[in-house]
Amino acid sequence: MKKDEITRDQLCGNIMRSLTIQIDYNLIGNIQTFINEVGKELYQEFGEYNKISENEIKIELKPDLNELQKNLSIPIKELETTIIHSFEKKDLDDNLVTLLISDYYMLLSVKCNNYKKIDDYLIKFADVFLKMKKKIDYINCKRFGLRKIGYDFYENVNEIFKDFEQKSFFILNNNFILNNEKILQSVKTEDEKYNINISKFIDGGEIFDELNKEIKKAYRVVLDLDGYFYFNNQEKKWDNQENIIREISILNDYLFILFKDHVTEEFLKKFIKK
């Protein structure tokens, strides 16, 4: 099977370390109304609930306040001081799942320890969003984002490029020089609806070898795919779970295509379900 024929549903493994699903909005009303209605149900599912402020957010990829300010026309000070409702749990696969809900955004974050696929997280995100729409007088959706970060460690350069395409890191004729610099790219889909920022780099450091109980030099390869789109009346379509998941899945498929562009056929075949 060739690389371009492999689908994400065929894979049973990955290098995923972090997943973020976020929608930004203006609303009429107060998110506390929604929390009063469904907070108990969310607490029963997640097990941990806290009211926090921006500087108390524990997840690695926090909402970008400058992006929120630009899209929502809300002062940074207000964004910094707004109350955020935080729900947290470990799921059945030992991934840490955090749901953040504020007057300006809803974000589902997954810190991946044993990530399998995105589907269950999309269902949860859509379910909570639809319940919010029913309880809030008016929501004006502005921006949706889907971000995936993967990385892995390697003891030597040859091992790196068994998994990653040299050309995707602009390396020619095996001429690899470690400089720790990020490579940044931005792409648009053909219909110009979906935008994707790509950040990738290789850095050097040390890891602890559990088997031999020693510290070894190692390389880390990081691939960060950040996809998003701005709402342009399509929020009218976001009135049922099927439509929401369909649209997010389109963006997710674009991220998967870019992911495949960066990795080798050999790498993908390691993870194909037997």
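In helix H2, which spans residues 65–72, the buried residues are Leu65, Glu67, Leu68, Asn71 and Leu72. Look down the axis of H2 and those buried residues fall within an arc of 155°, so they line one face of the helix. Keep in mind that this is a predicted model.

**Around helix H2**

- Why do residues three or four places apart in an α-helix point the same way?
- The buried residues of H2 have cover from several elements, including strand S1 (16–28), helix H3 (76–81) and strand S5 (105–111). Strand S6 (138–154) and strand S9 (214–230) are also among the covering parts.
- At the N-terminal end, H2 is capped by Asp64, which has a side-chain oxygen 3.0 Å from the backbone nitrogen of Asn66.

- The model has 27 salt bridges.
- One of them joins the side chains of Asp253 and Arg8, at 3.8 Å from N to O. Asp253 sits in helix H6 (residues 241–262) and Arg8 in the segment before S1, so this pair ties together parts that are 245 residues apart in sequence.
- Are these two partners buried, exposed or partly exposed? Asp253 is partly exposed, with a relative accessible area of 38%, and Arg8 is partly exposed too, at 23%.
- Glu37 and Lys135 also meet through their side chains in a salt bridge, 3.6 Å from N to O. Glu37 belongs to helix H1 (residues 31–46) and Lys135 to helix H4 (residues 119–135), so the pair ties together parts 98 residues apart in sequence.
- Lys135 counts as partly exposed, with 38% relative accessibility.

**A salt bridge within one helix**

- Arg246 pairs with Glu242 in a salt bridge, and their closest N and O atoms are 3.0 Å apart.
- These two residues are four apart in helix H6, so about one helical turn separates Arg246 from Glu242.
- Arg246 is partly exposed, with a relative accessible area of 42%, while Glu242 counts as exposed at 55% relative accessibility.

**A salt-bridge network**

- Which residues are linked in a network of salt bridges? They are Glu41, Glu45, Lys89, Lys124, Asp127 and Lys131.

Key
Residues numbered from 1 in each chain as written. Predicted model: local features only at pLDDT ≥ 70, side-chain atom pairs only at ≥ 80, totals over all residues. Heavy atoms only, no water. Buried < 20%, exposed > 50% of the residue type's maximum accessible area, 1.4 Å probe, protein only. Arc of directions from axis to C-beta. Contact = heavy atoms within 4.5 Å. Polar contact = N/O pair within 3.5 Å; in protein donor to acceptor, adjacent residues only side chain to side chain. Salt bridge = Lys/Arg side-chain N within 4 Å of Asp/Glu carboxyl O.
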